[in-house]
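Please keep the structure open while going through these notes. The points below can each be checked against it.

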Amino acid sequence: MSIGIMGAAIGYHVIIHMSAEARSWKKELLRNHGVTVIEYREDYGEAVKNGRKQSDRDPLSYFVDDENSRDLFLGYATAAKRLTGQLREKQIPVDMEHPLFVYIPCGVGGAPGGITFGLKQVFGDAVHCFFAEPVQAPCMLAGMSTGLNNAFSVQDLGLTGLTHADGLAVGRPSGFVGSVMKPILDGEFTIDDGKLYDYMRNMLETENIFLEPSACAAFQGPARLEVRPETRRYLEKNDLMEKMKNVSHIVWATGGSLVPEEIREEYKKTVIRK
């Protein structure tokens, strides 16, 4: 969305390749900004593969590669410096006695990986970073836990890869990001689609902030951190239990301001039961 709108605004001919899971309103919004949108019946991985092929055929084309671009990865990492200024402005300390916990929605891994890399460079061991992925599309979890990275897909686990969190509907992760995250990522959470809408409504009711469903995935982190035995073991292993009262929690909410009003109303009414 951001690449398409910004690229068109400064005069580039922008072509965006989008998977079947991408919402129709996003495609229409891009087209309204003069962007060419190519749609696929397949998932994100197929869209990326075909976009790369088309770009490679044109020597004047530049492919913005969320899977393998080190430039884009380091661009995402600059978010850590921006966050430093925001924390300083709010007088929120981050050090070993005042840890920072950051929870980030994860699709193919480029943005959350770059953000995590930047945060670790700035805050070192004082920051603890967690990814959040849909139950049916936990591609980074699958790739990293098997050690196969992009050689393994969620379909290999018998999962569908289908989710209402369209921005996170990715079946195969970035192998580049997975290898970089292996020594520095602190953990992963998965979330059922129904909880995305519950968190969305809770955020709107309590803070009057609208987030699209996929942006709410990371709320699963702080909500489950101290109730799951696995996460409690993590806290104990890292001597964090006594410091929890000093922890600052950041949920990296990834979007919502561009969602049309009629789609917002649709989201507000969506309830998914198991």
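1. In this predicted model, a nonpolar patch on the surface is formed by Ile3, Tyr62 and Val64, which together have about 300 Å² of accessible area. Val64 sits in the loop between helix 3 (44-56) and helix 4 (70-77). Its relative accessible area is 34%, so Val64 counts as partly exposed.

2. An open sheet is built from four strands in the order 5-4-3-6, with parallel pairing. Strand 5 (187-191) and strand 6 (248-251) are at the edges; each has a single partner strand, so one side of each has no neighbour in the sheet. On average, neighbouring strands of this sheet are turned by 20° against each other, direction ignored. Strand 3 (residues 100-105) and strand 4 (residues 127-134) are joined by six bridges. Proline 105 is opposite alanine 132 in strand 4.

3. The salt bridges number 13. One of them pairs lysine 26 with aspartate 166, with 3.0 Å between the closest N and O atoms. Lysine 26 belongs to helix 2 (residues 24-32) and aspartate 166 to the loop between helix 7 (139-146) and helix 8 (175-181), so the pair ties together parts 140 residues apart in sequence. Both lysine 26 and aspartate 166 are buried.

4. Glutamate 97 and lysine 243 also form a salt bridge, at 3.9 Å between the closest N and O atoms. These two residues are 146 residues apart. Is each one buried or partly exposed? Glutamate 97 is partly exposed, because its relative accessibility is 45%, whereas lysine 243 is buried, at 16%.

5. Within helix 12 (residues 261-269), lysine 268 and glutamate 265 are three residues apart, so about one helical turn separates them. Their side chains form a salt bridge of 2.9 Å, N to O.

Definitions and conventions:
Residues are numbered from 1 along each chain as its sequence is written. This is a predicted model: local features need pLDDT of at least 70, side-chain atom pairs count only at pLDDT 80 or more; totals for chains, interfaces and linings use all residues. Side-chain values use heavy atoms; hydrogens and water are left out. Patches are made of residues with over 30% relative accessible area and no salt bridge: like charges are joined within 9 Å, nonpolar side chains (Val, Leu, Ile, Met, Phe, Trp, Tyr) within 5 Å. Accessible areas come from the Shrake-Rupley method with a 1.4 Å probe; for residues, only the protein chains shown count as cover. A salt bridge is a side-chain nitrogen of Lys or Arg within 4 Å of a carboxyl oxygen of Asp or Glu. Buried means under 20% relative accessible area, exposed over 50%, partly exposed in between (1.4 Å probe, protein chains only). Two strands pair if DSSP finds at least two bridges between them. Axes are lines fitted to C-alpha atoms, for helices over the stretch in contact, and angles run from 0 to 180 degrees between N-to-C directions.
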